[in-house]
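Subject: Handing over a structure

Hello,

Here is the structure you are taking over.

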Amino acid sequence: VERHVLRWRTYRGRETAERFLSVLAVPLERRGWRLVRLYRAQGFTVPLLWVHADGPDNHVGLGVVVLAVLGGAWGYHDAERGRHGYLAPCGDAKAAAGQVEDLLKHRMFPGTW
């Protein structure tokens, strides 16, 4: 039952998710990452923030979504891993930006983890 309630809250909380993703975008942009906001206006049912870096030899990216978590809270998650890809609570965009940056840097330079 708990899993279904979290899915329902996530589905119903699109505006909340968009707001939290916009908050996360600020520290990521300051760190120099490129962003694509894939929100409801573009037809996405679950808002997604695509964070990426382009270079002549590489292109790496990470999708970030906001999902409902236990206790009535919200969390930033790696879109590819879903609930298993928890990054940080939505109240801490700075920590989430650090997690996203670490994952992207590891994808760009796999031997540096």
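**Ground rules**

This is a predicted model, so local features need pLDDT of at least 70 and side-chain atom pairs count only at pLDDT 80 or more, while totals for chains, interfaces and linings use all residues. Residues are numbered from 1 along each chain as its sequence is written, and side-chain values use heavy atoms, with hydrogens and water left out.

**Confidence**

pLDDT is the predictor's confidence in each residue, on a scale from 0 to 100. The chain averages 90. Of the residues, 92% score at least 70. Confidence is highest in β4, at 98. It is lowest in strand β2 (residues 48–54), at a mean of 90. Where pLDDT is low, the predicted coordinates should not be read in detail.

**The sheet**

Two terms come first. Helices (H or I, at least four residues) and strands (E, at least two) are DSSP runs, numbered from the N terminus. Two strands pair if DSSP finds at least two bridges between them.

Five strands form an open sheet. Their order is β1-β2-β3-β4-β5, and the pairing is antiparallel. Which strands stand at the edges? They are β1 (34–38) and β5 (86–89). Each has a single partner strand, so one side of each is left without a neighbour in the sheet. From one strand to the next, the twist averages 25°. Axes here are lines fitted to C-alpha atoms, for helices over the stretch in contact, and angles run from 0 to 180 degrees between N-to-C directions.

Now the pairs, strand by strand:

- β1 and β2 are antiparallel and share five bridges. L35 stands opposite V51 in β2.
- β2 and β3 also run antiparallel, joined by six bridges. H52 faces G61 in β3.
- β3 (residues 59–69) and β4 (residues 73–78) pair in the antiparallel sense over six bridges. L67 is opposite G75 in β4.

Helix α1 (residues 2–12) packs on this sheet. It touches β3 and β4, and its direction makes about 110° with that of β3. Contact means heavy atoms within 4.5 Å.

How enclosed is β2? Five of its seven residues are buried, so β2 is largely enclosed by the rest of the structure. Buried means under 20% relative accessible area, exposed means over 50%, and partly exposed lies in between (1.4 Å probe, protein chains only).

**Salt bridges**

A salt bridge is a side-chain nitrogen of Lys or Arg within 4 Å of a carboxyl oxygen of Asp or Glu. By this rule there are three salt bridges.

R31 pairs with E101, with the closest N and O atoms 2.8 Å apart. R31 lies in the loop between α2 (14–30) and β1, and E101 in helix α3 (residues 93–108), so the pair ties together parts that are 70 residues apart in sequence. R31 is partly exposed at 34%. E101 is buried at 13%.

R107 meets D78 at 3.7 Å, N to O. R107 is in helix α3 and D78 in strand β4, so this pair ties together parts that are 29 residues apart in sequence. R107 counts as partly exposed, at 35%. D78 counts as buried, at 4%.

R37 forms a salt bridge with E29, and their closest N and O atoms are 3.7 Å apart. R37 is partly exposed at 34%. E29 is partly exposed at 42%.

Start with R9, in helix α1. Is R9 buried or exposed? R9 is buried, yet it has no salt bridge. The nearest side chain of opposite charge, E2, is 9.6 Å away. For charge, Lys and Arg count as positive and Asp and Glu as negative; His and the chain ends are not counted. Leaving out residues up to four places away in sequence, R9 touches A68, V69, G72, A73 and W74.

Then R83, in the loop between β4 and β5. At 35% relative accessibility, R83 is partly exposed. Which residues does R83 touch, not counting those up to four places away in sequence? They are L6, R7, T10, L67, A68 and H77. R83 and A68 are 15 residues apart along the chain, and their C-alpha atoms are separated by 9.4 Å.

Best wishes
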